[in-house]
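The sequence and the model are shown first, and the description follows.

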Amino acid sequence: MAHAQDQASPAPGADHSNWPDRIHAVFKKFNIRQVGHVPDTGHTRLIALCAQDNEIKDVVLTSEAEGPGLVLGATLGGERAALLMQSSGVGNCINTFSVLQNCGIACVLIVTMRGEFNDFNPWQRPMGQITEATLKLCGFHVYRVDEEKDVEPVVAAACDMAYGGNFQVAVLLSQRMISRMKGAH
Amino acid sequence: MLDRREFVARLLKDRGELMVLTGLGTATFDVAAQGDHPLNFYIWSGMGCTAIVGLGLALARPDRRVAVITGDGDVLMALGSLATIGSKQPKNLTIVCIDNAVYAATGMQPTATGAGCDLAATARSCGFKQVVAPVKIDEVAGVRTLLHEGQGPAFVHARVGTQKHERVIPTRDGYGMKHRFLEASGKPAMF
């Protein structure tokens with residue numbers, strides 16, 4: 001698991017609970033113009049921020065499996081794209097992720113983890129348990145974030161790597177971290 | 001019943017700067033048989049994704065016309081993507097479904113369209129603004145106009161026969177196709 005702790009550390013005591021806003025800011029910095037998503041409670045604020053942003057075309061997908069195709073199409077049109085989904089959705093994409101590797105398409109994937117910590121639905125466990133390994137098998141470089149303070153630098157590092165080298169990079173947001181957000185389940 | 005190869009040949013006549021995406025299956029051979037083109041992008045994996053690739057491209061390039069030419073098997077594998085497209089309403093996107101009611105590339109096994117699934121009705125219910133189902137070859141001129149000028153999203157449901165045609169296999173180099181597509185469409189390869 002890679003961490004971006006070598007990045008400049010934020011000021012001690014800073015409030016990082018607004019990490020969805022920070023991810024949105026990173027998306028803006030990297031000129032991401034399309035964001036495909038299937039909702040998860042943990043992604044609610046980030047999805048809303050993208051939907052309200054006139055420079056970002058947000059696309060609600062009927063299945064996460066559509067996501068890689070959207071990213072390929074955006075790239076052929078000269079736009080950068082990112083995907084938001086929960087860990088269960090990763091399993092829906094295994095075959096369609098192949099288009100990204102086959103064509104050298106940059107993709108940043110932000111995954112909210114389910115089934116790993118105090119999930120009200122224990123049936124999320126099987127897919128949550130294999131999400132990271134699945135992504136690696138599908139060619140993704142995978143970062144995991146457990147602390148709010150790491151969200152911004154890790155997402156920025158993921159964007160740098162993905163768009164710099166036309167790679168596929170995933171950021172897993174831990175369920176324990178997400179559940180610290182008020183109202184998240 | 002339309003002949004698929006003749007239908008696609010007439011559809012791509014005078015195509016100009018039309019961007020064409022093809023899905024896994026015989027539709028790729030039909031398009032390739034008309035001659036390779038830098039604005040053709042043949043998708044060789046991820047069956048079901050062609051329509052949504054069209055959406056991503058149409059959203060990124062509202063200044064250009066995008067046509068997805070693919071088969072009923074590809075569309076059926078991701079029916080939900082028709083709903084996704086319907087919700088975004090891209091005016092410049094047309095999905096052309098060459099429906100022969102079988103998986104021709106794998107041995108002519110029947111698809112759901114042969115059992116009654118009506119893809120034109122599905123597209124209409126998903127919010128496609130224009131849905132046409134040509135049955136005679138001389139209707140192609142109107143379909144071509146739809147591709148180039150129609151206010152989409154548009155869906156062309158072309159029921160075709162099961163005539164055999166030459167398998168014309170175009171490039172399978174995804175990196176190469178990406179670069180030539182970006183160059184031909186006026187986008188720098190580095191962005």
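Chain A contains 8 helices and 6 strands, where helices (H or I, at least four residues) and strands (E, at least two) are DSSP runs numbered from the N terminus. Along the sequence, these elements of chain A follow the pattern α-β-α-β-α-β-α-α-β-α-β-α-β-α. The structure is a predicted model, in which local features need pLDDT of at least 70, side-chain atom pairs count only at pLDDT 80 or more, and totals for chains, interfaces and linings use all residues. Residues are numbered from 1 along each chain as its sequence is written, while chains are lettered from A and ligands numbered from 1 in the order in which they are written.

The model has an ipTM of 0.97 and a pTM of 0.94. For chain B, the average pLDDT is 95, and 98% of the residues score at least 70; pLDDT is the predictor's confidence in each residue, from 0 to 100.

Of the 185 residues of chain A, 51% are buried. A residue is called buried if 20 or more other C-beta atoms lie within 10 Å of its own, exposed if 12 or fewer, and partly exposed in between, with C-beta atoms placed from the backbone. Two residues are in contact if their C-beta atoms, placed in this way, lie within 7 Å. Among contacts in chain A between residues at least 6 apart in sequence, 76% join residues at least 24 apart.

Strands β1 (residues 32–37) and β2 (residues 57–60) of chain A run parallel and are joined by 4 bridges; two strands pair if DSSP finds at least two bridges between them. One bridge links A:G36 to A:V59 of β2(A). The covered face of β2(A) holds A:K57 and A:V59, and the uncovered face holds A:D58 and A:V60.

The buried residues of α7(A) include A:V151, A:P153, A:A158 and A:A162. Elements of chain A that cover the buried residues of this helix are listed below, among others.

| Covering element of chain A | Residues |
|---|---|
| α1 | 19–29 |
| β4 | 107–112 |
| β5 | 141–145 |
| β6 | 168–173 |

Beyond its neighbours within four places in sequence, A:A158 is in contact with A:V108, A:Y143, A:V169 and A:V171. After α7(A) comes A:N166, whose phi is positive, near 55°.

A nonpolar core is a set of buried Ala, Val, Leu, Ile, Met, Phe, Trp, Tyr and Cys residues joined through C-beta atoms within 7 Å. The largest has 114 residues, of which A:V111, A:A158, A:V171 and B:V96 touch the most other members. Helix α3(B) gives the most to this core, with 8 residues.

Between the chains, 30 residues of chain B are in contact with 28 residues of chain A. On the side of chain B that touches chain A, α3 (50–60), α5 (80–88) and α8 (174–184) of chain B each give two or more residues. The largest share, 8 residues, comes from α3(B). This side of chain B comprises 16 nonpolar, 10 polar and 4 charged residues; Ala, Val, Leu, Ile, Met, Phe, Trp, Tyr, Cys and Pro count as nonpolar, Asp, Glu, Lys and Arg as charged, and the others, Gly among them, as polar.

A:S98 lies in helix α5 (residues 98–103) of chain A. Not counting residues up to four places away in sequence, A:S98 touches B:S45 and B:G46. A:S98 counts as partly exposed because it has 19 C-beta neighbours inside 10 Å.
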